[in-house]
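Please have the model open.

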Amino acid sequence: MTRLLAALRTIYEVAADEFWYLVKGRPPVALVPFIVPLGFAVLFGFVYQENIVNHIPMVVWDEDQSATSRSLIQAYTDADRFDFVAQVDTEEEMLDALHAGEARVALAIPRDFDKELKSGQGTDFMLMVDSSNNMFGNAAISASQEVSRSFSVAAGQQLLESQGLLPDDAIVAAYPVRMGVRILGNPANGYASFMLSGLMMNGLQIGIMLSLAPALVTELFRRRFANRNAFLILLGKSLPYWCFALMAYVLALLVVIYGFAVPMRGSWAEAVLLGAAFIFFVSSVLHVFSACCPTRVLSLQAPMVYIMPGLLYSGLSWPNFDMSDIASMLGMLMPMTYGGDTLRDILLSGTAPALYKNCLVMLLGGLGCQLVASLLFYLRRKHHFWTGEGESA
């Protein structure tokens, strides 16, 4: 019992010392875990506020100049995805508009488009898409398929009606197989719902890094708790950062949900549980870096190599199941892999099947990192590895 009380007292004293370090500065270091995720949520929220890519500039080359070709052009210009910017007279002018960046999409309608359509032979038109930016390319192709299908069905119906079929029979003949679509989770396919929560969590781990990374190397130089157990020192130092970061996480999540209309279909309790495990894992990994680095500056620089690729390997922008084996293995080492996609599932789907598994992985991973960091800290303190900078650090 006496040992337990002594251990709790050590944790309390270290946590209290670290707490005052975080809040007494001007500005206080405790603001950092709040500012970065909130900044990410707001800045990226404004970027993704439109949610989908619209107003793609389009140039038209109409060789047919018929009422039918004008109807096709009108179908494209009526769609929100396209903005008609110019009509050209030659193929060269059309290509020049694409190469010059005046347009991202070019619609080319051939001569005899109307004649071939009405003869029942079928006809073609060409859509040229500048896909150097995939956002434009994917949005343009998707919207064009919808416009083309609607136009083709309407044209087929008119052709069959001209041959004597009743309107209902004509539409069935022109469009015999109809696909119903029900989109779950993100019905508008909006980018804010898709990316914003993950970007916020990435900002959170950067904020934790900027405030916590120098903690252990600073303790080695200042020796405030020289005779205390290394593992208890780590726990004590972790607690204030964990508390501030968890509050920052909840605040940033509120901004994402109520400021930028990302739905919350799941449980707040599950979202907070996920955030708590994520913060513990991130903090523990950063303690390993801090225990290894010889200077405070390097303790801030070195984790960037680990933290920054986390978003890429997390499955947020590219699914994990379609990554290479090497990429998947790298992703398994990073907190964002277990936090980012799971939070998105809670928000958009209302349920995250991997929630408890991922929380357990993060808790065990965090505990393992704490033990490794404690051992490294103990060895450096005992054998005086890279501890000669003293107060100059």
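There are 10 aromatic pairs, counting rings of Phe, Tyr and Trp (its six-membered ring) with centres within 6.5 Å. This is a predicted model: local features need pLDDT of at least 70 and side-chain atom pairs pLDDT 80 or more, while totals for chains, interfaces and linings use all residues. Residues are numbered from 1 along each chain as its sequence is written, and side-chain values use heavy atoms, without hydrogens and water.

Take Phe 289 and Tyr 306. Their ring centres are 5.9 Å apart and their planes are at 50°, so the pair is tilted; planes under 30 degrees apart would be stacked, over 60 edge-to-face. Phe 289 is in helix 11 (residues 268-292) and Tyr 306 in helix 13 (residues 303-307), 17 residues apart. Helices here are DSSP runs of H or I, at least four residues, numbered from the N terminus.

Tyr 306 is buried at 15% relative accessible area, whereas Phe 289 is partly exposed at 22%. The cut-offs are under 20% for buried and over 50% for exposed, with partly exposed in between, using a 1.4 Å probe and protein chains only.

Next, the cores: buried Ala, Val, Leu, Ile, Met, Phe, Trp, Tyr and Cys residues joined through side-chain atoms within 4.5 Å. The largest nonpolar core has 71 residues, and Met 200, Tyr 249 and Leu 343 have the most contacts inside it. Helix 10 (residues 230-259) gives the most to this core, 13 residues. Another core, apart from it, has 18 residues, including Val 105 and Phe 151.

Finally, Leu 8 sits in helix 1 (residues 2-24) and is partly exposed, at 48%.

Conventions: Helices (H or I, at least four residues) and strands (E, at least two) are DSSP runs, numbered from the N terminus.
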